[in-house]
Amino acid sequence: MGECTYLVAWDGGVPLGHGEVLWQGCKSAEVRDAYPGCPEINGLLVYCAEMRGRGIGSALIRTAEDRARDRGFKWIGVGAGDDNPRAMALYERLGYSAGIRYVDVWSYKDDAEVRHVVEDPCTFLVKDLPG
Ligand SMILES: CC(C)(COP(=O)(O)OP(=O)(O)OC[C@H]1O[C@@H](n2cnc3c(N)ncnc32)[C@H](O)[C@@H]1OP(=O)(O)O)[C@@H](O)C(=O)NCCC(=O)NCCS
């Protein structure tokens with residue numbers, strides 16, 4: 001099994017959004033310890049703001065859940081940043097329950113090639129996947 005499945009939502013030949021399923025779980029060890037064997041939906045994005053709110057994100061999430069169920073996983077999770085209450089509301093509406101809090105640490109390089117480390121406080125939400 002690969003580490004990740006990359007999902008793309010298409011309208012004909014036009015990609016509208018994407019997300020990935022990390023089969024080994026969240027990159028935070030704290031989260032993996034709390035939810036063993038729980039893959040994570042990561043990096044959900046609908047590219048154009050005008051296309052948001054039309055069900056594309058929900059379709060990506062449902063597809064991720066189906067793939068996880070097909071592989072025999074009993075649950076799946078997703079992280080939501082404290083600064084993203086709308087995403088959190090969507091996940092809860094789709095049946096996810098707020099679990100542990102953690103800090104997502106990631107980094108990027110600016111135009112001058114200087115690396116910046118970002119720490120985002122998050123909540124990990126989990127959904128059971130009955131067979
Ligand atoms: C979050 C996101 C992937 C959801 O996809 P979507 O196609 O817009 O979602 P759906 O149409 O299936 O569901 C609509 C719900 O998504 C959430 N949502 C809508 N626009 C959003 C936005 N700009 N940012 C965050 N959440 C949003 C809301 O809960 C919305 O419900 P509401 O209209 O009743 O408020 C998409 O809005 C997006 O790309 N947002 C910006 C990036 C982001 O926040 N990614 C999530 C990281 S955890």
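**Aromatic pairs and nonpolar cores**

Tyr35, Trp75, Tyr102 and Phe124 are linked into a cluster by ring pairs. Rings of Phe, Tyr and Trp (its six-membered ring) pair if their centres lie within 6.5 Å; planes under 30 degrees apart are stacked, over 60 edge-to-face, and the rest tilted. This is a predicted model, in which local features need pLDDT of at least 70 and side-chain atom pairs count only at pLDDT 80 or more, while totals for chains, interfaces and linings use all residues. Residues are numbered from 1 along each chain as its sequence is written, and side-chain values use heavy atoms, with hydrogens and water left out.

The ring rule gives six aromatic pairs. In one of them, Tyr102 and Phe124 have ring centres 6.3 Å apart and planes at 70°, so the pair is edge-to-face. Tyr102 lies in strand 5 (residues 97–109) and Phe124 in strand 6 (residues 115–128), so the pair ties together parts 22 residues apart in sequence. Strands (E, at least two residues) and helices (H or I, at least four) are DSSP runs, numbered from the N terminus. Tyr102 is buried at 6% relative accessibility, and Phe124 is buried at 1%. Buried means under 20% relative accessible area, exposed over 50%, and partly exposed in between (1.4 Å probe, protein chains only).

The largest nonpolar core has 23 residues. Such a core is a set of buried Ala, Val, Leu, Ile, Met, Phe, Trp, Tyr and Cys residues joined through side-chain atoms within 4.5 Å. Helix 2 gives the largest share, five residues. A second, separate core of eight residues includes Tyr35 and Tyr102.
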